[in-house]
Amino acid sequence: MSVSTSSTLSLAGAAILLPPDQQRHPLLSLAGRELARYLYQLTGESCTLVEAVPSGGTVVVLQSEGSDVPAQPGSPLEQQFAINVQQRQVRITGASPLGTLYGVYALLEALGIGFYLGGDTLPSPRGKAEIASDFSIAGAPAFQVRGVNLHGNFLIGASGWGREDWRYFFDQMSRMRCNMMMLHMYDGEAGAGYCYEGEWKGHGRMHSSMNPAFGIVPHRTGEFAFGTAAYFDQEVYGSSPVETAEDVTDELLGYNRNLAEAIRYGRQRGVYSAIGFEAPSWSDPTDAAVRKEFAERVRQFVRRYPDLAYFALWQCEGAGIMGADIPDSTSARELLERHRATLAYLGGDRRMFACLHTAEFALMAYRVLQEEAPQMKLAVVGWGGDRWMRFEDYPRGLDALLPKDVVFTAHGNIDPTTTDSIGEGWGTLPPDRQRWGQVWVENDDEETWVRQPGVERLGVHLPDAVRKGCQGILTLQWRARDIEEEVAYLARFGWDSRFTPDAFYRDAARRMFGNSVQEAMGQVLGDLQRLGRRWTGINNEWACRSPFIWNGRVPHWAFEVDREAVALI
């Protein structure tokens with residue numbers, strides 16, 4: 001990205017030139033509205049949207065070389081944009097309509113606005129929104145995919161979001177020039193349910209303050225302590241179907257409608273979604289009845305959420321390190337023998353079959369997508385990186401078993417401070433296999449109500465993702481506001497792989513506190529980040545208190561033997 005400066009041009013009251021309405025992609029219309037709205041906030045002067053060049057005054061021309069956007073995140077070339085000033089015209093040209101929208105947000109950032117998940121920062125006082133008369137930027141992302149992996153299994157996460165929360169989230173993601181939202185659903189969560197042979201299965205009630213997870217005591221908001229009840233406008237905290245639903249079925253259908261609407265809204269702002277659930281745990285992927293039910297579940301899911309860009313299939317949680325029980329069936333044993341040579345590098349039979357278990361269900365899902373939703377792609381998702389639950393031992397085998405257009409990604413190492421690598425498994429894949437690295441910026445084991453500084457670790461892991469050929473990068477989190485610095489840093493690095501944490505702190509300080517204290521406050525933000533979780537002064541509090549196998553070992557012989565051996569060590 002390059003910028004040059006000389007005399008200035010004010011954008012206050014500028015006319016915004018768009019293509020004629022009948023030739024205009026909706027994202028170009030959005031780009032025009034967003035530019036007009038923010039220029040008004042910056043200057044106090046209204047801008048007009050026009051279809052012909054006015055006789056005088058400053059004009060911002062929005063144009064696109066492409067007429068549409070792809071069904072999945074396009075290549076960096078398809079997302080690129082250019083901004084150039086010629087006399088009193090500012091031209092923002094995108095390689096696609098989404099590229100033009102990105103160009104608008106890049107211009108607004110150059111004018112001093114900061115975009116974060118929690119909201120925007122604007123320079124004060126209002127000014128003329130001036131740029132250099134020879135201003136120019138050429139932008140293209142360093143990663144094809146940039147975004148977040150959300151979770152809804154705690155009330156601090158997306159399970160409590162209503163329609164307006166989702167819209168705000170997608171608006172901010174778009175403004176940060178991120179383009180991916182991933183969402184995991186456990187069996188037992190509302191969105192994971194399906195109806196099979198007349199029975200609803202795989203679902204639970206929606207999380208709320210009266211139906212919390214992991215042993216939290218139910219409370220009405222009016223019973224909350226220390227005056228916090230005043231922050232809530234309903235007696236039950238949760239997304240809207242919780243209070244309006246007449247029964248469980250109505251609650252589930254309401255949740256599904258809200259999420260489907262949210263996914264569609266995100267697509268309208270250039271943010272794609274990858275959502276799904278886990279492969280059936282400890283099951284026989286060669287069993288005809290299991291296969292039939294799983295295919296029907298996937299079929300219902302993609303019909304329910306037709307605007308998904310990806311159906312995401314998770315490996316069973318813990319299977320990466322524990323392996324999978326080998327079913328007592330001839331067909332399962334034949335499957336293992338057929339692929340033994342390919343998967344021998346994994347060691348014991350249990351881990352080889354865990355790879356086959358994931359691959360077989362992925363192939364089933366792949367076939368359903370081809371029949372039901374050919375516009376969707378498949379993403380296979382694992383748990384625990386290469387030091388914890390060890391999914392990243394598996395991509396090499398999965399690469400040999402699955403079609404080349406299947407995306408691989410995995411929850412990274414639960415404590416990213418233990419390694420400087422985004423995950424060694426990603427570096428073993430051929431260039432034509434798309435892989436998205438993930439950094440666990442919010443640990444659900446502890447301190448889930450305070451800041452968990454993670455920008456410093458992102459500053460190590462994101463460059464490593466570039467080196468390992470990752471085409472995508474995600475943060476893994478539950479909350480949005482409390483880790484907004486981490487997501488903002490990923491968003492900026494996603495467009496400029498030279499962007500360092502120190503540069504981010506200075507930039508954030510300037511946008512949040514002003515030019516006069518940029519250096520001092522940038523140093524403070526950096527020092528707090530480098531102190532890590534210790535600066536919060538909060539002792540650890542574990543949200544997951546049940547026995548759980550987190551940690552990986554090499555060699556991991558016990559996990560290849562049986563669960564009694566695991567308990568022994």
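## Before we start

This is a predicted model, in which local features need pLDDT of at least 70, side-chain atom pairs count only at pLDDT 80 or more, and totals for chains, interfaces and linings use all residues. Residues are numbered from 1 along each chain as its sequence is written, and side-chain values use heavy atoms, with hydrogens and water left out.

Two packed helices are described by the angle between their axes and the distance between the axes. Here, axes are lines fitted to C-alpha atoms, for helices over the stretch in contact, and angles run from 0 to 180 degrees between N-to-C directions. The helices (H or I, at least four residues) and strands (E, at least two) are DSSP runs, numbered from the N terminus.

Let's begin with helix α1 (residues 26-43) and helix α3 (residues 97-110), which pack at about 10° with their axes 8 Å apart. α1 and α3 are therefore roughly parallel to each other. (Angles under 35 degrees count as roughly parallel, over 145 as roughly antiparallel, 65 to 115 as roughly perpendicular and the rest as oblique.) On the α1 side, the contact (heavy atoms within 4.5 Å) is made by L27, L28, L30, A31, E34, L35 and Y38. On the α3 side, you'll find P97, L98, T100, L101, V104, Y105, L107 and L108. By class, that contact has 13 nonpolar, 1 polar and 1 charged residues. For these classes, Ala, Val, Leu, Ile, Met, Phe, Trp, Tyr, Cys and Pro count as nonpolar, Asp, Glu, Lys and Arg as charged, and the others, Gly among them, as polar.

Now for helix α13 (residues 455-467) and helix α14 (residues 484-493): their axes come within 10 Å and cross at roughly 30°. α13 and α14 are therefore roughly parallel to each other too, and their crossing is right-handed. (A crossing is right-handed if the near helix is turned clockwise from the far one by less than a right angle, and left-handed if anticlockwise.) V455, L458, G459, L462, P463 and V466 of α13 meet E485, E486, Y489, L490 and F493 of α14. The contact of α13 with α14 has 8 nonpolar, 1 polar and 2 charged residues.

Helix α7 (residues 288-304) and α11 have axes that come within 9 Å and cross at roughly 45°. That makes α7 oblique to α11, and α7 passes α11 in a right-handed crossing.

Which residues meet here? From α7 come V290, R291, F294, A295, V298, R299, V302 and R303, and from α11 come E360, F361, M364, A365, R367, V368, L369, E371 and E372. The residues of this contact divide into 10 nonpolar, no polar and 7 charged.

## The nonpolar cores

In soluble globular proteins, nonpolar side chains tend to be buried together. A nonpolar core is a set of buried Ala, Val, Leu, Ile, Met, Phe, Trp, Tyr and Cys residues joined through side-chain atoms within 4.5 Å. Buried means under 20% relative accessible area, exposed over 50%, and partly exposed in between (1.4 Å probe, protein chains only).

The largest nonpolar core has 139 residues, of which W166, F169, L183, F311 and L378 touch the most other members. Helix α11 (residues 349-372) gives the most to this core, with 14 residues. Apart from it lies another core of 22 residues, among them F154, M182, A379 and W436.

L183 is worth a look up close. Not counting residues up to four places away in sequence, L183 touches a set including L150, W166, Y255, L259, I275 and W314.

## Loop residues to look up

Buried or exposed: what are R177 and E197? R177 is buried, with a relative accessible area of 4%, whereas E197 is exposed at 69%. R177 sits in the loop between α4 (163-175) and β12 (180-184), and E197 in the loop between β13 (194-196) and β14 (199-201). Neither is a glycine, yet R177 has a positive phi of about 60° and E197 a positive phi of about 50°.

R88, in the loop between β5 (81-86) and β6 (89-94), counts as partly exposed at 47% relative accessibility. Leaving aside its neighbours within four places in sequence, R88 is in contact with L9, G57, T58 and V59. Finally, the peptide bond from S124 to P125 is cis, with omega near 0°, and P125 lies in the loop between β8 (119-121) and β9 (130-132).
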